[in-house]
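Hello,

Here is the structure I promised to pass on. Please open it alongside this note; my findings follow below.

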Amino acid sequence: MIIVNVQTAYNQIGKPVFISWRVMMIGVDLLRWLKRRRTASAASVSPHNDALANAVRRIIATNDLTLLDDLSQADYDAVAVRLATQMSDPRVLFRFLWQRARAAPERLLTLVRCMQAVDTPGALWVIRVITALSEGRAGDSAANPVRQALIDCLPALDAALDQVVQRQRPPIRVLHRLFKALAPELAAPRLMRLAFDEATPASLAWAAAEWLVERLPDRAAPDESPTTPAARSRRIYVDGLTGATGIQAQGAAALTSFSASAADAVRSERLGRALLTNTSLSPEIRLAAVDLLMRRESPPWTLLADACADESEIVRRGTLARIGACSTREAIATLVRLTLRSGMPVDVRLAAVMRLSAETRWDVAPVLQRCASDPSLPLAGRLRAAAALGRRSVNLPRLLALIRDPQLCVDVRAAAARAAAFPTAAPHLIRLILDPAMPPPVVTALVEALATPACRAAAQSALPALTRLLAVARADVSLTLAIIRALGAFGGDEAAAALAPLAGPGALTRLQSVVSPDMLDLPVETCLERALLPAPMMTRLLRALANAPTVAEQPTTLAQFLAHEADLVRCAAIESLTRCGGARAREAILAAVGYFASPAVAAALADAISALDSLSDMLTVVVNPALDPSVRWHVADRLAQRIDGPAALREAWMRSDLDAFARELIIETLGRHNADASAAFLARLACDSALSPALRERALEALEGVEDASLEGPLMRLVNDTRLAPELRGRAAASLPTSLSPATRAILRDLLRPDSPPAPVIVGVLRALGRARDAAALPIMLRYSLDTDPAVAQAAIRALAASGDAAISPALTRVALSPHADAAVKLIAVESLLQLGEPDAIRLLRPYLQHRSILMQMRAFRLLADAGQIGNEAERLVCDRRCPAPLRLCALDYAPNSASGGALLAALINDPGEDPAVRAAAAARLNGRDHVVTLAEVALDPMSLLNVRTACMAALSVSGATDALLALSALTDHEDDPVARERARQELWSLAMQPLNDSTAPSPLV
């Protein structure tokens, strides 16, 4: 009775009454039972309820649910609810109402009320009914009764989903229909729970993720991150396909974990496609999507090819790089399509060509031939394609077709000619070089191909043709040089006879015969403006201007330019004569020695004479006073490096017909290469009073640094001979060996004690005592360190530093700080303090960076750099335009090798008001791969000075990046800038002709 009153009070007031806790606990339990059974209290029983109860009993007794059809709608619901609570198996009622709902939709709401009246209506019944309500089978789902019924069923739905998750085989198709019909705001949280809950079976979780993407494309996933890898993968999948910002926040690394998850290939491809085509994502995530797609057994090559045309440079180049790294047939086919599609970005096409040029597994020769003939491709790609055809001899017909095609670019035809270096190609190449319609650059490349080792044996019959061609190629130095090298490769007396005139003055005469004598004194600018020279010579002049490191090193007149070209011809002829060998070649080389030679020609002649391996020939050149001195010096230098050379030079000294230059040359060469073994000979010369003082001093200079104790006596006699010139005595003292006897040291100290010994003697004795580390001479050295003669003071300070005694540091510090000492002396004192490890030396050295003498500044800077104390001084000096250019160039060598250093160099290059020498040096030191855009902009700027632009072109060529190749290709089209055009063509030619490595493919895009 108490319990009924509690329930009644609760129903009437709407809130619990205050009773004892025992009564409350009992009441709660019974109320829960009452709620579950849905039976009315005794106080509320009415005649109408008795009638409903009778109907319920009658239906249960007869087991005839059709009796419900005789009731009104209100009684129908009440009786059905009572039946649900009293039947042993309410599912029979559920099935009956489900069937009646087909004809009468309102019965579906009755079924909902019945399900709410029982504890466990069954998960499938809950799902089935909620699906029907959401599909509108009970009426419009937005109507208030239906919507309220849906809301009332949500707790049951959550419980049903919890039960479904625990099944081994969840009803995925049933759930799919449910979530397809359920309103988005109701489906979203439940789908997310199923998709990202670690308790959900994998099959159902992935299905939920798919439904979430399908039904809720614009709804973001929850902020909470899943805890398990599989759940995180599903979160990535949903975020990626719905375009949510979550994938952007997670970054590209998230896709790596996804690729390692249990997601199947179809889902991986679907996610990769969605991310790759989503242009709002970062390039890094989109490239990670490319990696995800590339891990598939059959990647979507069409989609990847389309990504190579993306507006984002990072995406298209990164995608192409990943395609290029794959060597499958499909990947190569994709590269082929990218190469041949004219609508593709030019950088992609160029990179694809560069990758195909390194392909060895698949035959891409037809594509390379088409690329070489395609004028829409940059010149770099066409050159590389033509050169790559030279990998296989079976491509010879394709190469010959390119060579013979008059519609092609001359450079491409020349590249094809140079690549056709096959033994079977020799007859074709010989016929082609005799074709008068063949352009000179192509003929030059054909000759170079004939001279290669592969063609040499098969091209011996080309010797007469080359000889005739050499006679008519006077104006074309490039072709002349190619023919000369080819003749040297073939060898023989016939080749030597053709080369002999070019090893001497005939080279210059040959070139000067092409132009009129009154043109020789014309400035080169005038020759270019008026087009007074033949086309091949004009091209060579443009290259000479472009290759000059500075403006000062460019040729100024035509005569100067022709002289330089003649030197190149002479050097090539001399080298080829050396390769020919034989008596005819030897005769030509020795004859060429009799003519004036530039330093380059002199070095070439010396190498050629040394290669003849004739000691007598070399000695003849050294002792012949009629020959060019530079040739004699180079030959003597190589002679001294032979095993029998020093002895031959010492014997040659006895010849009575030696001139003074030869004697001085012998002394200098022996001192440089054989001083220790020739010490006795040199000492004898130094002591020979019959020789001139200059030769004796040369001999003493050659002995400096020789550690031979036997020299001590004769040299000390020279030091003590007061009849000799002070310079000779001082030089003898400076050449004394380190291991001096105590008596000799005492004598040397006594020489320094008089008040006014000659300064050269003081300097030499101080140097000898310093090298000997004579501790007894330290007071004398300290006294002379304050001498007014800078040479004496410097020698004394260096001698003190050589002693290695740190106790002299205070004295050296006083010298470094003395206001009366010479600046050079003070700097040497600071340098000596550095050698002794004095910590204050760095502080004393820094002020010299602002000294008025540039030599002092550079010396101080290098001392700081060698001590590792450069700090930020290098960067400061580089940026200070008030500093002399030599110091700034020196500081550039120590610019920080970091991102800040690269930015500094790039800023210098971009500054048009900067010193051109500094800009060019900065370009030479800049990392081309990291600053391609900067180098390309300056190289393409016609307002920049030529030496700066050429330095940028050289840096671009070294980098080999796609942007660098594009910039160089663009420069080759500048008709109004011929000098830069020729330099760019030269750089591209060098890149195209580089040997291709079969084992590794180049990185197509950087």
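A residue counts as buried when its relative accessible area is under 20%. Keep in mind that this is a predicted model.

Start with helix α46, residues 759–772. It is mostly covered, with 10 of its 14 residues buried. Those buried residues are V761, I762, V763, G764, V765, L766, A768, L769, G770 and A772. What covers them? The cover includes α44 (726–734), α45 (742–751), α47 (778–784) and α48 (790–803). The length of α46 also checks out: at 1.5 Å a residue, its 14 residues should span 20 Å, and its end C-alpha atoms are 20 Å apart, which agrees. Just after α46, R773 takes a positive phi of about 55°.

Next, a helix pair. The axes of α9 (residues 172–181) and α11 (residues 202–215) come within 11 Å and cross at roughly 25°. Angles under 35 degrees count as roughly parallel, so α9 and α11 are roughly parallel to each other. Their crossing is right-handed. On the α9 side, the contact is made by I172, L175, H176, F179 and K180. On the α11 side, S203, L204, A207, W211, E214 and R215 make it.

Last, the core. The largest nonpolar core has 352 residues. Within this core, L133, F179, I403, V447 and L748 touch the most other members. Helix α34 (residues 558–580) supplies the largest share, 11 residues. Leaving aside neighbours within four places in sequence, I403 is in contact with R413, A416, A417, A420, L432, M438, V442 and L446.

Best wishes

Methods:
Residues are numbered from 1 along each chain as its sequence is written. This is a predicted model: local features need pLDDT of at least 70, side-chain atom pairs count only at pLDDT 80 or more; totals for chains, interfaces and linings use all residues. Side-chain values use heavy atoms; hydrogens and water are left out. A nonpolar core is a set of buried Ala, Val, Leu, Ile, Met, Phe, Trp, Tyr and Cys residues joined through side-chain atoms within 4.5 Å. Buried means under 20% relative accessible area, exposed over 50%, partly exposed in between (1.4 Å probe, protein chains only). Helices (H or I, at least four residues) and strands (E, at least two) are DSSP runs, numbered from the N terminus. Contact means heavy atoms within 4.5 Å. The expected span of a helix is 1.5 Å times one less than its number of residues. Axes are lines fitted to C-alpha atoms, for helices over the stretch in contact, and angles run from 0 to 180 degrees between N-to-C directions. Angles under 35 degrees count as roughly parallel, over 145 as roughly antiparallel, 65 to 115 as roughly perpendicular and the rest as oblique. A crossing is left-handed if the near helix is turned anticlockwise from the far one by less than a right angle, and right-handed if clockwise.
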